[in-house]
Amino acid sequence: MQDNIINELYQVIGKENVLTDKEDLICYSYDATSYSHLPEVVVVPSSAEEISLVLKVANKHRMPVVARGGGTNLCGASVPIKGGIVLAMHRLNKIIEIDGDNLVATVEAGVNTEKFQQAVEAKGLFYPPDPQSAKMSTMGGNVAQNAGGPRGFKYGVTRDFVLGMKVVLADGTILDIGGKTIKNVTGYDLTKFFTGSEGTLGVIIAITFRLLPLPEAKKTMLAVFGDLMDGARTISSIVKNKIIPVTLEMMDQETMGLIEKSKPVGLPTDAAAAILIEVDGSEHEVERQMKKIEKVARAEGATDVVVARTEEEAAKLWEGRKAAFGCMALSAVTPITEDATVPRSKLPEMVKFIKDVAKKYSLSIPVLGHTGDGNLHPIICTDENNLEEMERVEKAIDEIFKETLRLGGTLSGEHGIGLAKQKYMELEVGQDGLNLMRQLKKAVDPNNILNPGKIFLQETEQINEKA
Ligand SMILES: Cc1cc2nc3c(=O)[nH]c(=O)nc-3n(C[C@H](O)[C@H](O)[C@H](O)COP(=O)(O)OP(=O)(O)OC[C@H]3O[C@@H](n4cnc5c(N)ncnc54)[C@H](O)[C@@H]3O)c2cc1C
């Protein structure tokens, strides 16, 4: 990067908040995928005003700017593939207000997700979206990716809780949109426009979220199956029977085996599948739902249904589930997490298809996911250095996405497009849909400085360049 640009950044944000050492740049060059690329500079702002000034400099010099939260995304979204500036958001880490009278909270974008959940719960309130990366992810990153999580089945995803936002546009304009009211139809819904935009439309500074009262009771149970398809059918059957637990998380035998190898929590590794189910509500409602769920699961072939007796037992099972991606990363050089999501009634068909594809291409593809939402996470455990295997992986991914769309599903339930799924975008949204998205992007970022190279198919020669 030219010295004059660095000097301008020093002036607007202070030399101490501008990092250019290679060691620092490496720390901001990757995310939770295997993509990586060095930024030219990292800036560490602490306010909307500073970010506005940084964006004015970047816009003047047509420098790419990539906002970065926890760097936990699973699609290459925060990798600065065009170099430029990474905006590290961790100094914007204040919970501005938890407003119990209005059941809303306002936080800065760099606030850690788990810390926010805990702060809200300490006041008897509840923020349901629960990406399994909550220990590391940020609220700004959650909004920019429209993160989901297991509780999405009952409560919805991040988008369903966003009421208002402060955002900085590419030209440095600071915008306040939405607010504390649950209802707001004053013009276009700009909060939804920025939610899920992967840092390509604006930099999110602060967000106001809707909250719920903390449910009176909750219980966790594990339904165990001798046949994977019995598990998949149980999910569809629970939905068909109009029961809405908080979570329906299926794990197949391979997934449970990998979890138990690295983080033993007592999962039944001899079973073909298990579903981790949480129910919440009043004590009475929890008991009633658990009985109904057990009945449906047993009717579909569950060999056992175990209820966690204490909060510690329940927490242990959830720890295992949360560790699943990490355990796979320990067992494979390159774990590729997919995010195929189908209408819930199509879940058994999709699970069978993935397992058939794994067999066809001789690949290891453990399947887990927020299955209550039809949101599957097949994880292709491979090695990017094995070029012959990578060819089979590409073919398997291709088939999985095409079948997902054929069944009326979507490429991404919650992980986003980033770099990973660009080439399939047109298949889902069509050329007209893509054109409209490109026009919207151009309207707010005419110089294409905000996270360029993401979502839309671009030249890819730089993508896998290593730091
Ligand atoms: C172990 C593990 C489990 C996971 N489980 C889930 C899950 O259950 N559900 C789920 O949905 N996802 C899950 N994820 C994916 C990931 O955690 C989420 O996408 C999360 O929302 C990313 O947040 P982050 O703060 O890490 O954002 P980053 O990865 O830093 O950034 C993600 C995107 O948001 C943009 N961005 C970040 N901050 C801002 C900002 N302030 N303004 C504008 N743009 C911004 C970045 O430019 C990038 O495009 C998981 C990931 C891992 C590693």
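**Reading the packing**

Analyst: Start with H1 (residues 3–13) and H3 (residues 48–61): their axes come within 9 Å and cross at roughly 165°. H1 is therefore roughly antiparallel to H3. Keep in mind that this is a predicted model.

User: What describes two packed helices in general?

Analyst: Two packed helices are described by the angle between their axes and the distance between the axes. Handedness comes next: H1 and H3 make a right-handed crossing. On the H1 side, the contact uses Ile5, Glu8, Leu9, Val12 and Ile13. H3 brings Glu50, Leu53, Val54, Val57 and His61. By class, this contact has 7 nonpolar, 1 polar and 2 charged residues.

User: Why do residues three or four places apart point the same way in an α-helix?

Analyst: An α-helix has 3.6 residues a turn, so residues at that spacing point the same way.

User: At what angle do the axes of H9 and H12 cross?

Analyst: They cross at roughly 80°, and the axes come within 9 Å. H9 and H12 are therefore roughly perpendicular to each other. Thr255, Leu258, Ile259, Lys261 and Ser262 of H9 meet Ala324, Cys327, Met328, Leu330 and Ser331 of H12. That contact divides into 6 nonpolar, 3 polar and 1 charged residues.

User: Which residues of H9 are buried?

Analyst: H9 spans residues 253–262, and Glu254, Thr255, Met256, Leu258 and Ile259 are buried there. Their cover includes strands E13 (247–252), E14 (273–281) and E17 (367–370). Helices H11 (311–322) and H12 (324–331) are also part of that cover.

User: Let us take a single residue. Why does Thr337 count as buried?

Analyst: Count its C-beta neighbours. Thr337 has 20 of them inside 10 Å, so Thr337 is buried. This residue lies in strand E16 (residues 334–337). Beyond four places in sequence, Thr337 is in contact with Leu74, Phe325, His377, Ile379 and His415. Compare Ile98: Thr337 and Ile98 are 239 residues apart in sequence and 35 Å apart in space, C-alpha to C-alpha.

User: Now the ligand. Which residues around the ligand come nearest?

Analyst: Of 37 residues around the ligand, Gly69, Gly70, Gly140, Gly141 and Gly199 come nearest. The elements that give two or more residues to this shell are strand E3 (65–68), helix H5 (139–145), strand E10 (203–210) and H12. H5 gives the most, with 5 residues.

Conventions: Residues numbered from 1 in each chain as written. Predicted model: local features only at pLDDT ≥ 70, side-chain atom pairs only at ≥ 80, totals over all residues. Buried ≥ 20, exposed ≤ 12 C-beta atoms within 10 Å, placed from the backbone. Helix = DSSP H or I, 4+ residues; strand = E, 2+ residues; numbered from the N terminus. Contact = placed C-beta atoms within 7 Å. Near = placed C-beta within 6 Å. Axes fitted to C-alpha atoms, helices over the stretch in contact; angles between N-to-C directions. Parallel < 35°, antiparallel > 145°, perpendicular 65-115°, else oblique. Left-handed = near helix turned anticlockwise from the far one by under 90°. Nonpolar A, V, L, I, M, F, W, Y, C, P; charged D, E, K, R; others polar.
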